[in-house]
Amino acid sequence: QVINDFWAKGPDLLNNPLGILIRFRVREHGVSGYISKMYHSVKLNPGVDCHTHRFLWRDMDDFKEPETYIMTAVSFSDRPAGAIAAVALQKTTVMGRSTYPEAADIVENNTYVDDILESFDTTELAMTTSKEITELLKIGGFNIKGWTHSSKQSSESNKPVQFFPRHRHGGTPTKQVLGMKW
């Protein structure tokens, strides 16, 4: 048996996806962000936690003495990985709430695993808040892989941003968000 068999999965800390989707469709300018390498962004405590992620390696050579390695980040295969990543995201919002209060609320309430969804009344507010969310997440070691906006591109964008027009009357959706066509 491996240590993963003895670990508890942890509490379900995910937001309700239906609630996220309903809030996402409230205003005209939709924004979707993706947290890159969510689990691997959470670093393990080198003094304690890394020892539960120790493994031996000898590169398939039966005569070689095994070398000892440790994982330094949460692994997707760890049973409690989802709960650990969710707690790390929550702690990130606490650390950055004084600087980015609206961004912290969005991350706290409109994130499902590694997807962030929100809608805004104006393109400018969508772009500004997207940048604030990106900065907030950096505090906790998380990075946004890219943003998808339903509005025109801002020249100030420094991350990959995909834009497409919102189709109001029978157009073909061009993006999927939490399994729904946007």
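This is a guided tour of a predicted model, going from the whole chain to single residues and pairs that can be selected one after another.

Residues are numbered from 1 along each chain as its sequence is written. Because the model is predicted, local features are given only at pLDDT of at least 70 and side-chain atom pairs only at pLDDT 80 or more, while totals for chains, interfaces and linings use all residues, and side-chain values rest on heavy atoms, with hydrogens and water left out.

**The whole chain**

Begin with the protein chain in a cartoon view, where four helices and nine strands can be found; helices (H or I, at least four residues) and strands (E, at least two) are DSSP runs, numbered from the N terminus. Followed from the N terminus on, the elements run α-β-β-β-α-α-β-β-α-β-β-β-β. Of the 182 residues, 37% count as buried, where buried means under 20% relative accessible area, exposed over 50%, and partly exposed in between (1.4 Å probe, protein chains only). Among the contacts with a separation of 6 or more, 68% are between residues 24 or more positions apart, a contact being heavy atoms within 4.5 Å.

**A surface patch**

Next, select Phe55, Trp57 and Tyr69, which form a nonpolar patch on the surface with about 300 Å² of accessible area together. Patches are made of residues with over 30% relative accessible area and no salt bridge, like charges being joined within 9 Å and nonpolar side chains (Val, Leu, Ile, Met, Phe, Trp, Tyr) within 5 Å. Tyr69 is found in strand β3, residues 67-70, and counts as partly exposed at 36% relative accessibility.

**A buried serine**

Move on to helix α4, residues 123-139, and select Ser130 within this helix. Its relative accessibility is 3%, so Ser130 counts as buried. Leaving aside residues up to four places away in sequence, Ser130 touches Val31, Trp147 and His149.

**Salt bridges**

A search of the whole structure finds five salt bridges, each a side-chain nitrogen of Lys or Arg within 4 Å of a carboxyl oxygen of Asp or Glu.

Select Arg27 and Glu118, whose closest N and O atoms are 3.0 Å apart in a salt bridge. Arg27 lies in the loop between α1 (17-24) and β1 (29-36), whereas Glu118 lies in strand β5 (residues 115-120), so the pair ties together parts that are 91 residues apart in sequence. Arg27 is partly exposed, with a relative accessible area of 31%, while Glu118 counts as buried at 8%.

Then return to helix α4, where Lys138 and Glu135 are three residues apart and are thus separated by about one helical turn. The side chains of Lys138 and Glu135 meet in a salt bridge with an N to O distance of 3.2 Å. Lys138 is partly exposed at 41%, and Glu135 is partly exposed at 33%.

Finish with Arg97, Asp105 and Glu108, which are linked in a network of salt bridges. Asp105 counts as partly exposed at 37% relative accessibility, and Arg97 is partly exposed with a relative accessible area of 27%.

Note on methods:
Areas by Shrake-Rupley, 256 points an atom, 1.4 Å probe, with all protein chains shown as cover.
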